[in-house]
Amino acid sequence: MSEQSDHFDLVVIGGGPGGYSAALYGASAGLSVALVEKDALGGTCLNRGCIPAKAFLETAAVKRHVDHAEDFGIETNGTPSVAFARTQERKQGIVKNLVNGIGAMCKGRKVEVFNGVGSLRSGRTVDIALGDGGSATITGDFVMLASGSVPRLIPNFERGGPIMTSDEVLDLDTLPARVAVIGGGAIGCEFASTFADLGSEVTILEGLPKILPGLDNDVAKVVQKSFKKKKITIKTGVMVNGHTPNDSGGTVVSFGDDESVEVDVVIVSVGRRPYADQLGLDGTAVVVDERGFVVVDEYCQTGEDGVYAVGDLINTPQLAHVGYAEAIMVIKHLLGESPMPVMYDRVPWAIYCHPEVAWAGPDEQQAKDAGHDVVVAKHPFKFNSRAMILGETEGLVKVIAKKRADGTAGQILGVHMVGPWVTEQLSGGYLAVNWEATVDEVAEFIQPHPSLSELFGETVLSLTGRNFNG
């Protein structure tokens with residue numbers, strides 16, 4: 001580390017997506033920046049979340065392709081096997097390269113990186129317990145809190161042995177034969193999809209009436225139908241009661257009314273809680289609410305002058321790209337550039353299970369509940385030429401638009417997709433929702449053919465009352 005200063009324009013506590021993007025963006029705007037991170041740069045997303053989980057999902061995708069290679073005229077001459085240790089090795093290589101890349105960018109932009117735990121006290125002073133056992137104290141004109149979140153735990157399922165959270169399961173180097181996933185939300189369904197495609201027997205245990213609660217019903221039905229084809233057992237409306245370890249290193253999970261399932265691994269995936277535990281905050285006006293979130297205004301300002309908070313630490317969508325957006329907004333705000341607050345009801349969402357899910361804006365029921373009369377169109381991928389070529393025809397595109405007084409479709413409110421690579425297709429729908437574009441305006445745009453994305457264009461076109469397909 002280079003010779004350290006003790007005062008900076010901006011001090012950032014937490015090196016995850018919100019923290020490192022604020023540091024790099026702020027440095028590019030000419031600010032002197034200190035970044036305090038107790039672990040590896042990149043935070044949960046890069047080291048124990050988004051990136052490693054998607055690396056596992058891509059291995060699962062390759063396995064699916066090989067399993068169906070003969071459909072494309074490729075002879076594999078045998079049943080493919082999974083060398084999961086190699087999967088783990090590949091994942092670690094991707095993570096290492098990305099972590100090193102962030103470190104190189106910080107060095108290139110002269111961001112001072114402190115490896116340690118930062119705690120805030122009054123006067124925008126940050127005390128740092130350094131990883132090497134030393135300590136440092138620095139100050140900033142502004143401070144950003146970006147300490148992220150950690151997996152939530154549930155009673156009777158303490159970490160250890162076969163009981164894992166998303167942190168531990170991403171370190172596996174052997175493929176478990178039987179997996180129970182407690183929680184049928186986005187993260188739980190991604191793990192369920194991964195292990196089922198790799199050949200594990202998977203059971204999802206969800207306390208609510210359906211998996212992926214909050215999704216548009218038409219979208220959720222596609223995922224549930226696909227999961228059943230994968231032979232994933234889905235138990236909804238059940239509560240887990242506990243587990244009894246067996247002699248082979250696995251355990252028997254009890255749930256519902258005297259039901260049980262014997263598995264090798266249990267993945268507890270019931271959400272994440274904000275991690276303000278080590279931030280100190282003594283003598284400051286920073287408020288932490290009863291759920292553990294740091295309280296902020298629309299510009300992510302805390303109650304302490306000059307102190308902001310972003311990312312999973314505040315009660316906004318727990319998405320890395322939302323952390324990026326908040327970080328950029330904060331830098332612009334502290335520079336006096338009058339940015340627009342993040343419109344959380346219109347951010348892009350993505351779930352990377354198979355089939356993928358992506359959306360922006362309200363679903364059909366949410367739009368109605370908000371008082372809108374709506375016009376809805378939905379088109380399936382089964383008639384899309386590119387989907388047929390890929391052999392991936394499950395899914396649909398659904399567009400929700402305001403109904404005009406004359407009954408025609410007007411402003412596009414929501415775009416919801418499920419199917420092949422929809423996480424890469426959402427951008428057009430996201431732009432339409434956020435620019436408050438009308439059906440007629442978007443229908444003028446040309447989509448490439450053959451492509452998966454043309455299904456979005458065709459769905460919008462159908463809302464004009466005319467269509468050439470479907």
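A: The model is a predicted one. Five strands form an open sheet, in the order E7-E14-E8-E9-E10. Their pairing is parallel. Strand E7 (163-164) and strand E10 (233-236) stand at the edges. Each of these two has a single partner strand, so one side of each lacks a neighbour in the sheet. In general, strands of a sheet pair through backbone hydrogen bonds, either parallel or antiparallel.

Strand E8, residues 178-182, runs parallel to strand E14, residues 265-268. Four bridges join E8 and E14. Val179 stands opposite Val265 in E14.

Helix H6 (residues 186-198) packs on this sheet. H6 touches E8, E14 and strand E9 (201-206). The direction of H6 makes about 165° with that of E9.

Next, the setting. The protein has 13 helices and 21 strands. A compact globule with 470 residues would have a radius of gyration near 23 Å; the protein has 24 Å, which agrees. The C-alpha trace spans about 65 × 65 × 45 Å along its principal axes. Of the 470 residues, 50% count as buried. Among contacts with a separation of 6 or more, 64% come from residues 24 or more positions apart.

Methods: Residues are numbered from 1 along each chain as its sequence is written. This is a predicted model: local features need pLDDT of at least 70, side-chain atom pairs count only at pLDDT 80 or more; totals for chains, interfaces and linings use all residues. Side-chain values use heavy atoms; hydrogens and water are left out. Two strands pair if DSSP finds at least two bridges between them. Contact means heavy atoms within 4.5 Å. Axes are lines fitted to C-alpha atoms, for helices over the stretch in contact, and angles run from 0 to 180 degrees between N-to-C directions. The radius of gyration is taken over C-alpha atoms; the globule rule is 2.2 Å times the number of residues to the power 0.38. Buried means under 20% relative accessible area, exposed over 50%, partly exposed in between (1.4 Å probe, protein chains only).
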